[in-house]
Number of protein chains: 2
Amino acid sequence: MARNRITIQDVANRANVSKSAVSLAYNDSKKLSEATLQNILRAAEELGYSQDPAARMLRTQRTDSLGLLLPQQLDKVLENPYYTQFLQGIGQTCQQEGLTLLLVPPLRGSMLKAIPYAAVDGFIVSGLEYDRGEVTALRQRGIPFVLVDSEWHEGVPSVELDETEGMRELVDYLLRQGHRRIAFIAIETDTAGGYQNWRGPVQRRMQGATESLAQYGLSPESDSITIVETPCTRLGGVTAFRTLWAQDERPTAMVAFSDIIAFGILDAAREAGVDVPSQLSVSGFDDLSEASWTMPSLTTIRQPIATKGRLAAEYLVEAITASSPPDTTHQQRLSTALLLRGSTGAAPALGPT
Amino acid sequence: MARNRITIQDVANRANVSKSAVSLAYNDSKKLSEATLQNILRAAEELGYSQDPAARMLRTQRTDSLGLLLPQQLDKVLENPYYTQFLQGIGQTCQQEGLTLLLVPPLRGSMLKAIPYAAVDGFIVSGLEYDRGEVTALRQRGIPFVLVDSEWHEGVPSVELDETEGMRELVDYLLRQGHRRIAFIAIETDTAGGYQNWRGPVQRRMQGATESLAQYGLSPESDSITIVETPCTRLGGVTAFRTLWAQDERPTAMVAFSDIIAFGILDAAREAGVDVPSQLSVSGFDDLSEASWTMPSLTTIRQPIATKGRLAAEYLVEAITASSPPDTTHQQRLSTALLLRGSTGAAPALGPT
DNA sequence: CTGAAAGCGCTTACAG
DNA sequence: CTGAAAGCGCTTACAG
């Protein structure tokens, strides 16, 4: 298993041709006579020659692979089925274009540090909630990139979601159902200073909620409204439920910013003997497939996860292929849809409206 | 977004130092005086310099990434939650070692073609049921690799599973429960000529079944035993159920070679109004987390999926780091466990034994 | 149809 | 502590 030391030169020598001819045999064999080609291939075979991808990349300035820059460790990220679907979408494009996909988790805890080392033609940046220099580093890297589920940046390509609108619809519905004590369970980011300092998806989701609350004379600051942050995992949902249920004023509705969190809330509610939705309404965000099987099934805001991945990758491919920078920044916006299912209903004290 | 043309030479010029000094600044900054270092970093910053990963790889003969060679398109592969868990396991090791993970699906339909192009330090090869030259190509590539869920090869490192044993236990149990009309629903490979020509995991699983059947004077050739092949998807399970249920002699037990297939069988059985397990026993293989939530919960053979990924990656890292080829071929064998749950029971005609 | 030459951008001994 | 030189292995014009 020792490193292969056979180079194109060795093959050329053995076949009595130039290095160029050997290169042609692999990259543009039509330009060679059949005899020469066979001769070269035989020599390569006998020697056990294999091209060096790094040398090829350096020379061609092409890696034929896309990078997915991730906000967390690989195993953490994959705990959320969200990423499986997202990867599927990216995978469709990669397949079509014959590209490989490099998964790039933070290096020594930092997304920033991972950026210079990845041999890719472009990056899909996922979950960059809060820019700490990553965008600058990406620009400096000099290859195209697309932001997904990230803070919005002027002039930076991205795939966006109509999440504000989706959240507004959901909260509208809950308010109409008589809910006033509402808890928002947001995805934990390491922003300090509470929800006013949020950015990216959580900010936009809270924004929708805020707009909706305002119509009923409420705000995130109101006594009846609670905001908590929790890790984006099932366990995060369990924890959040327990915290909230231990309060004096229990909420009648819990609005989770992610399905996986909502699943955890459902688990913890069942364990605590709390009936959903008669005692507590619970909603999620994403519409993972599991959301329709839970007991009760989960009210949620659907987003086209795989499509998001596919579009991000398609844009990247476009930008990589383009000879010059596109004159117009690509900022796609995808719509969401409110799905009312079994986990939400009228607020306990009021009965159905 | 034009390609970055600033090289280490430009930075060196601007900082009035040699290229070596600039390289040192990034790779071994202790060897530089504080003043020089700052000087270089400032110049790099001003110029917007970014290292070229390909050049670095070529020079160092290191990519710091692992390749996962996949048997199918990325989006197909990720349809099976099996791979999510497997990736998590690999991810743990990558994280620990500061490695990235390159997903390498077949190139133009061929695993073989993808092998020479991936810039990786080693390959984890998944689901190479039937070798068509891949092993030779991998050897030729001159970098370490580990086979997982693949045909066994003399002298080739692999992570194996005690699947024969697991299957034997399962079929024993079914036979004791009075089942005689048993259908085996295998994962489709493109081997011609029926089960005798199978290799790799399906062969080993069928082997266990065969051994067990023999004790009751049965064999895969017996009239009461059916073998079908189906794609390893939920839909594959649905199709298999329908085919089998349309036969004159319906089986009383369906033994799927994968949980995801078993889920499809359960779906189709419910749809057909067939009660599991009173009319039909169904079993899977894998123990995906969903297996304990299905209705009824699924009897299956547990395998340590994430562990398999982690070990494969660990071995690879070892082999990459080792100065010389390991004197002993690494062929790990992991055990399986039969989990009896709600989807299996006594054969209909006989009642409980 | 084939070959000689240049160069992709970096790191690593080596010399000072 | 710093610099000049060599070379990693390939592809791409260019000339013939």
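User: Which strand of chain A holds E160(A)?
Analyst: Strand β5, residues 158-161. A strand here is a DSSP run of E, at least two residues; a helix is a run of H or I, at least four residues; both are numbered from the N terminus. This is a predicted model: local features need pLDDT of at least 70, side-chain atom pairs count only at pLDDT 80 or more, and totals for chains, interfaces and linings use all residues. Residues are numbered from 1 along each chain as its sequence is written, chains are lettered from A and ligands numbered from 1 in the order in which they are written, and side-chain values use heavy atoms, with hydrogens and water left out.

User: Why is E160(A) called buried?
Analyst: Its relative accessible area is 6%. Buried means under 20%, exposed over 50%, and partly exposed in between, with a 1.4 Å probe and protein chains only. E160(A) is therefore buried.

User: What does E160(A) touch?
Analyst: Not counting residues up to four places away in sequence, W152(A), R204(A), Q332(A), R333(A) and L334(A). Contact means heavy atoms within 4.5 Å. L68(A) is 92 residues from E160(A) in sequence and 17 Å away in space, C-alpha to C-alpha.

User: What is the phi of D149(A), and why is D149(A) called buried?
Analyst: Phi is near 50 degrees, a positive value in a residue other than glycine. Most residues other than glycine have a negative phi. D149(A) sits in the loop between β4 (145-148) and β5 of chain A. Its relative accessible area is 14%, so D149(A) counts as buried.

User: Why is R108(B) called exposed?
Analyst: R108(B) has a relative accessible area of 62%, so the residue is exposed. Its phi is also positive, near 45 degrees. The place of R108(B) is the loop between β2 (100-104) and α7 (111-114) of chain B.

User: Why does D64(B) count as partly exposed?
Analyst: Because its relative accessibility is 34%, D64(B) is partly exposed. D64(B) lies in the loop between α4 (53-60) and β1 (65-69) of chain B.

User: Which residues does D64(B) touch?
Analyst: G98(B), L99(B), T100(B) and D121(B), leaving out residues up to four places away in sequence. V120(B) is 56 residues from D64(B) in sequence, with the two C-alpha atoms 7.0 Å apart.

User: What makes the bond between V276(B) and P277(B) cis?
Analyst: Omega is about 10 degrees at that cis peptide bond. P277(B) is in the loop between α12 (259-271) and β9 (281-283) of chain B. Another cis peptide bond joins M295(B) and P296(B), with omega about -10 degrees. P296(B) falls in the loop between β9 and β10 (300-302) of chain B. Most peptide bonds are trans.

User: How does the radius of gyration of chain A compare with that of a compact globule?
Analyst: Chain A has 26 Å, whereas a compact globule of 353 residues would be near 20 Å. The radius is taken over C-alpha atoms, and the globule rule is 2.2 Å times the number of residues to the power 0.38. The C-alpha trace spans about 90 × 40 × 35 Å along its principal axes. Buried residues make up 54% of the chain.

User: What is the secondary structure at residues 6-60 of chain A?
Analyst: That stretch is 71% helix and 0% strand, with its end C-alpha atoms 20 Å apart. An unreviewed UniProt entry places "domain: HTH lacI-type" there. UniProt positions follow the numbering used here, feature names are shortened, and annotations may be inferred rather than shown by experiment. Chain A as a whole has 13 helices and twelve strands.
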